[in-house]
Amino acid sequence: MADFKTSSSILTKECLRTQICGEGEWPKNTVIYQPYETEQILLPDNSKCLSVKTFLKMAGLEFIVEARENAEYMSPHRGKVPFIKAGQFLVADFEPIVSFAQSKGYSLSTSLDETQKWDLRVYMALVNNVLLNAEIYVTWNHELTYKELTKPRYSSVYPFPLNHWATYNKRREMLSHLDVLGWKKKSLDEVFKEVERICESLSNFLGDKKYFFYEKPTELDALVFGHLFSIITTPLLNNRFAATVRAYDNLVQLCVRIETEFYQSRIL
Amino acid sequence: MFKPHQLEVDTWKGDWGLPSIDYKCLEVLAFARFTNAPINIYHSNNPYRSVTGHLPVVSYNKRLLMDRDSLMDCLEKQNLTPDFGLTSLQLAEEHAAISMIDAQLEPALLFAWWMDESNCLNFTKPWYRNALKFPFNWYYPNAYEREAKHKIYTLYNHLDSDNDIMTEVYAEAIKCMNVLESRLGNNFYFFGSHPTLLDAVAYSYLGPLLKAPLTDNRLQSHLKTCKNLCIWIDRITREYFKIDWQAHKCNEKKKLEETKQQMNVTPWYKRDETKNVLIGIVTVITMVVYSFKIGLISVSDTSDEEDED
Amino acid sequence: MGNLYAKPYHDFNINQKLSLQDFKLLGNQEARVDQVHMHGYSKTKDFILESSINLMFTSNSLKNIINNAEIVRKNLMSLNCFENISVNIDVSSGSNSTPNGYKVTFNVQELTFASSILHSVARDNEGIVKLGFKLNNITGHANHFKIESSIGNGGTQKYDACISKHIPGTISSCISGHIFKKKSYWNTVHGVFDEWGTLFDLLFLSPYKSHFSQNLQYEGVIRDINMLSKESPFKLREESGFSVKSSIKHITTIDTRDSKVLANEGVFFQMVMEVAGFGGDVKFLRNYFTSQFYSKITKDVVFQGSFGGGVLTDLGTFKKVNMMDRFFLGGPMTLRGFQSRGIGNLNDNVVAGVTSYWVSAVHIYVKPLFGMESNRINEAIRLHLFCNAGNISFFGKDTKSSLERTFKGFRLSTGFGVVARIGNSIRFEFNLCSPLQYSAGDRIVDGFQFGVGANFI
């Protein structure tokens, strides 16, 4: 345990564990693994996948998207999608992928000063922790959405006894996740109030800038775009979620801007 | 006559100069002090009457305030808010920063207190056992440990070993401390000269992390290198929790003297030699009794026979 | 066997024991069974026992009576209702007796209603402790219930609840239903396999030759493959996640060995045929067999030859069979000199597990106390010299080239070591192996190798 005594060694160990200290070029045939987009993927996963893809596009990194029905189980951190396979490295989830790219010398936030880096960090935490939980809440805890959308989609890739089994397991896992964070006992109204607060914070921070940090897109833009775009475009039972987001004009504008710049083929 | 309602707060008692050792209690107390809200504090140390099994129990006008948001609402209605004078941009930043602190420091605190075995056995549980009254002190510490473990395992269920969880949790916490440190800089408080909700939340996590005498203090040793944060914590304690601060100082002095005295005089029954001698005596007695029993030593009245001879 | 007494003719002294010659004489004389008595049972229903006992009345000579009595005793024991059974054969007397009539008495002792299970087994190079309890003969119809949990030193955990019922008759059979949960590990690749499933088993035991049995099984399992480490080969990682197997399996076993572990003479043959795809998402046809042949060369030297092989045919279209269905080769009890599942390349471009394999072995066993009477050491320990050969391949459509591939570049290893028997089914091996022929990517063991298990080649 001697190597744990100092904080820097903890950080090094963490880097080693997540394999993001590898030096060198961005591997040629990097693959993103994610669930099937049309039949299977759910709102929270879709947001994360879109964020990662946007980030890689913004950084100008090459990648191939591959859809697998068991992407969630293939992931090096079970249940976390998407993950990338870059050479022999496997990295899952948005933030580790960002740090992985950073270790290869591709970063969108190098030009920022200290205060801006702090802003980047806290707003990313806001989206990752609060907006994601709201998405999970709507997907798994809202009874009607679960029955009408989540269950049919999630279980679509499994044969008979497994469709109930896997969905039940996943739901239990997600609900206990919400429970320990104190989200489970919230009402839908409270959740939307929370979403509204986030959007307000983000909208205030964005103001009428082109991107969050003026002219150049950063990781935060990728993350926010991933989440908001999925929320707006994913058909849910009612469009309250989307409407909450759409109420903030500059955020929608940001989404449109990123969409046209990086995904020309698709229409918002 | 109109008498304004007061916040009634049941909390855990303080220690090591902090007004309370529990981060949730500390948050409420700091919040109330920063806003100058009228408050009645009971160091009840008894979560028995609490619905959730946790302290603090905050009530206002006989109404329970369960979480941070409802407390904020309640205070806002009385025009008491620590965020007075912040711009909307600053409010947004505060909102985001709090979400980051909640997500990254809470698991670290829970891990350091409850999941790290030596801390849990030597520090956390004994502290709660001492603070609680008799039948409860066998139940609550274990319940809290279970809850903390459940929470950590649920949040980090993608990792397999405790060691992996520890590195991830601690690494996140350290990164979080580093950015807080650089954000704070030489400011008095995060947003200038007045403490805000962000200060209250950050203080509630960092205070116990800095002050608690943990046996395994990896986070603490890192936090101690963050000079700005240390000064800031002491500043809040000194300015807003004067009584606890002074009581702690007094205590420390007293303890120092006591230890000095103890260094000089050790009572005879506590010395090692006495113990060794006692053990020796008991052993000898046992051996002798045993040898009598199995007949190794027998006492016969030889003197009588000699007389007859 | 229980106690066997005979007291057949008037000209023999009552207390005099029969000499072997007399017995032979007697054995061929005509005889019939007049009465069969059963003593000592209270809970077991009569009709359960009747069908077994009926066999006794078909006997026509004393020899036949004795043989049949033994068979009946075995059949009764196989009901799992009795702790022990002793047989008593006597001439019948009384008004209903015939001149050549005999009276057979079975003294049985029933098992207590509830009993605990604590024993150890070995499987796949892993020692396993089983703990649990069982309820014997719940309603008196030879039906049992048992709950077992097993924990192995390699991390394997299994929980099993089983309800079974014996159906006595000319073909004695046993129906059982299991619900189980199993967790096993494959440490070289940091894999965890979870299984939750049900198993229905129908066992037929031929009554007169107890060494021939057949099982018909239905198995429905949910499997979960989880790769814990990032170092796990990516091809294996791709197969992780849930799958459902629903299969029917037929097992034929012929076993005439005199011991399950260290046999002197006899033949063992087991053939398994499994068809999966009745529901679930994997479809395949899988056949594999093992055979062993033992023969005594001299009093102290035994020869064993073994051969085994298997073929898996993928019938699925949507989902491929995964590594829990495919074959693996290697291990200290099968292809010695290689690590467990150690044959074949685990790198990214080769799929772990194959669709066909064969393995063979030649052993020469020597009893350690050469030339001595059979004693405990000779019974439990042997020295052996072995030579293993085997290969893996993917069986394709083109049979001829597949066959060619099957035998091209096979693995070969040889060595010597000690084999020990623990209990009736656990085999220990400690060998010095040297792989003679292997390909790149195989994980070999050149030196000492230790193995424990029940299945071996």
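Q: Before the strands of this predicted model, what does it take for two strands to pair?
A: Two strands count as paired if DSSP finds at least two bridges between them. The model discussed here is predicted.

Q: Then over how many bridges do β8(C) and β9 of chain C pair, and in which sense?
A: Strand β9 covers residues 191-205 of chain C, and its pairing with β8(C) is antiparallel, over 15 bridges. Within this pairing, Ser176(C) lies opposite Asp201(C) in β9(C).

Q: What lies between β8(C) and β9(C)?
A: Four residues separate the two strands, which form a hairpin. In the turn, His190(C) has a positive phi of about 60 degrees.

Q: Which way do β7 and β8 of chain C run?
A: Strand β7 (residues 157-167) and strand β8 (residues 172-186) of chain C run antiparallel and are joined by eleven bridges. Ala161(C) is positioned opposite Ile179(C) in β8(C).

Q: Switching to helices: at what angle do α9 and α11 of chain A cross?
A: Helix α9 (residues 219-233) and helix α11 (residues 249-262) of chain A have axes that come within 10 Å and cross at roughly 105 degrees. Angles of 65 to 115 degrees count as roughly perpendicular, and α9(A) and α11(A) are therefore roughly perpendicular to each other.

Q: Which residues meet there?
A: From α9(A), Asp221(A), Phe225(A), Leu228(A), Phe229(A) and Ile232(A) meet Leu251(A), Leu254(A), Cys255(A), Ile258(A) and Glu259(A) of α11(A). The residues of this contact comprise eight nonpolar, two charged and no polar.

Q: And chain B, how is that divided?
A: Chain B has domain 1 (7-260) and domain 2 (279-308). Their C-alpha centres are 66 Å apart.

Terms used. Residues are numbered from 1 along each chain as its sequence is written. Chains are lettered from A and ligands numbered from 1 in the order in which they are written. This is a predicted model: local features need pLDDT of at least 70, side-chain atom pairs count only at pLDDT 80 or more; totals for chains, interfaces and linings use all residues. Axes are lines fitted to C-alpha atoms, for helices over the stretch in contact, and angles run from 0 to 180 degrees between N-to-C directions. Angles under 35 degrees count as roughly parallel, over 145 as roughly antiparallel, 65 to 115 as roughly perpendicular and the rest as oblique. Two residues are in contact if their C-beta atoms, placed from the backbone, lie within 7 Å. Ala, Val, Leu, Ile, Met, Phe, Trp, Tyr, Cys and Pro count as nonpolar, Asp, Glu, Lys and Arg as charged, and the others, Gly among them, as polar. Domain bounds come from an automatic or database domain assignment.
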